[in-house]
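Subject: Structure and notes

Hello,

Here is the structure we spoke about. Please look through it alongside the notes that follow.

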Amino acid sequence: MTEPRARSDPPVSGTQPQEADVLRHMLRSPGYLKALVFCALIGIPVSLAAFWLLVLLHELEHALWADLPHAVGLDVPPWWWPFPLLLFAGIVVGLVVTHLPGGGGHIPASGLNTSGPSSAALPGVLLAALAGLPFGAVLGPEAPLIALGGGLALLFRDLAQVPATPQSVALLGAAGAAAAISAIFGNPLVAAVLLIEVAGVGGPQLFAVMLPALLSSGVGALVFTGLGRWTGLATGDLSLGLSAPVPHLDVPDVLWALAIAAALAAVLHPLPAVARRVAAYVAARPLVRTVVCALGAAACAALYALLTGRSPANVASSGQATLAELAADPRAWGVGALVAVLLLKGAAYALCLGSLRGGPVFPALFLGAAAGVLLSPLPGLGVVPAVAAGMAAASAATLRLPVSSVVLVILLLGSSAMMPVVILAAVVAFVITELLPPGPAAH
């Protein structure tokens, strides 16, 4: 009589892997199917709420930084404009942190996360977002959206009297966050990939498998791209053949992209550590020190305007709108303006990460794009490859989410032509950042 095969042994040839049996059993479970239907229904109100929150944030920002200056006869906001706006932001966010449940959401210096969604924290999260982001906080809306989606999902669960279990909390929180975050990126794939990395599904083993696969795919894309151009032969592809001109990658583009990634990883590595130190400083006296840090960010924006003659809005706010302006006309930015915006927006970014409430994505993308434009005159380097590599490297180094950085940058570029340099830059920046000594943790 033979002994039964241990569960850890590999499956016998010709049988389904054990994981496939587990997955099939889970999908046939009535409880899981009900959860899927509930998540689909939740996506409707969560998406609507996220849409209107983004509309409100956009309209408020436009009113404060464009309509109001025009109403008083100014073409652009004057250098002093950020001070009253960020003073208001600091006061309100400080009050939210000290008096409302949830403290207005998690501290952005600790990075994006989906842990602990709570419907009780929603009022504070929304108030901190509305008082901070349109008024000049150098942060994006993705973290409030994640909190909004997760909190609403759990609120609807309670209204529907669905039993609360650790599994249902995690499942519904992730589903609600994904529905909300897809509103800002306009793409459900970005939301899904971002939340997989943010939630840490698979832990370090996921990154151990994912990074070599990502890197080899980028190198493979370079080889196939090169061979297709050098030989004139085709292996067949799935591209739509868009009529818009697409820049071709050259060897200098790839080499410079690797150098840019390494440089940005080294330069930006202290930024999260500085932000965590700011968070620790603010935690001792949240109200007063939140105001101090908000005014520090305002001073960065004002100094930029005084030095360059440009709008302080280039430093204040997330940089999402300014990123579009930079991409549309990169030559309109002189070297001095690019250096100033990198230094001063970087400083304001660190202050806001540790004190106000919001997400870290769009300021990181803007810093990478500005660095790419600044370095694009290097011999043999084009503007598009430089910007693509800069955004990928800055986001991967700052967010520590390499796959999400690749997907997001490709989405922003609107073309997969730069995918090889985007992948290489993201992987190189992520690996270098992880190998450098970590800074202090946020408290």
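Predicted model: local features only at pLDDT ≥ 70, side-chain atom pairs only at ≥ 80, totals over all residues.

Residues are numbered from 1 along each chain as its sequence is written, and side-chain values use heavy atoms, with hydrogens and water left out.

Cysteines

The structure holds zero disulfides, a disulfide being a pair of cysteine sulfur atoms within 2.5 Å. For Cys293, the closest cysteine sulfur is that of Cys352, and at 8.4 Å it is too far for a bond. Cys300 is in no disulfide either; its nearest cysteine sulfur, again in Cys352, is 8.6 Å away. Cys293 is buried at 4% relative accessibility, and Cys300 is buried at 11%. Here buried means under 20% relative accessible area, exposed means over 50%, and partly exposed is in between (1.4 Å probe, protein chains only).

Helices

Helices and strands are DSSP runs numbered from the N terminus, with helices being H or I of at least four residues and strands E of at least two. The expected span of a helix is 1.5 Å times one less than its number of residues.

Helix H3 covers residues 82-99; its 18 residues should span 26 Å, and the end C-alpha atoms are 25 Å apart, which agrees. Its buried residues include Pro82, Leu85, Leu86, Ala89 and Gly90. Further along H3, Val92, Val93, Gly94 and Val96 are buried too.

Helix H9 (residues 251-268) also has 18 residues, and reaches 26 Å from its first C-alpha to its last, close to the 26 Å expected. Which residues of H9 are buried? They are Asp253, Val254, Ala257, Ile260, Ala261, Leu264, Ala265 and Leu268. These residues cover an arc of only 125° around the axis, which puts them on the same side of H9. The arc is that of the directions from the helix axis to the C-beta atoms. On the other side of H9, Val251, Leu255 and Val267 are exposed. As background, an α-helix has 3.6 residues a turn, so residues three or four places apart point the same way.

Helix H17 (residues 419-435) has 17 residues that should span 24 Å, and its end C-alpha atoms are 24 Å apart, in agreement. Among its buried residues are Pro420, Val421, Val422, Ile423, Leu424, Phe430 and Thr433.

Helix H14 (residues 361-375) and helix H15 (residues 383-399) have axes that come within 7 Å and cross at roughly 140°. Axes are lines fitted to C-alpha atoms, for helices over the stretch in contact, and angles run from 0 to 180 degrees between N-to-C directions. H14 and H15 are therefore oblique to each other. Angles under 35 degrees count as roughly parallel, over 145 as roughly antiparallel, 65 to 115 as roughly perpendicular and the rest as oblique.

Pairs across the sequence

Pro363 is in H14 and is buried, with a relative accessible area of 1%. Pro363 and Thr398 are 35 residues apart in sequence, with 9.9 Å between their C-alpha atoms.

Ala261, in H9, is buried at 0%. Between Ala261 and Met391 there are 130 residues of sequence separation and 9.2 Å in space, C-alpha to C-alpha.

Val341 lies in helix H13 (residues 335-355) and is buried at 0% relative accessibility. Its C-alpha is 6.8 Å from that of Tyr304, 37 residues apart along the chain.

Loop residues

Most residues other than glycine have a negative phi. Ser317 is not a glycine, yet has a positive phi of about 70°. Ser317 lies in the loop between helix H11 (286-308) and helix H12 (320-328), and is buried at 3%. Arg400, also not a glycine, has a positive phi of about 60°. Arg400 is in the loop between H15 and helix H16 (402-413), and is partly exposed at 25%.

Regards
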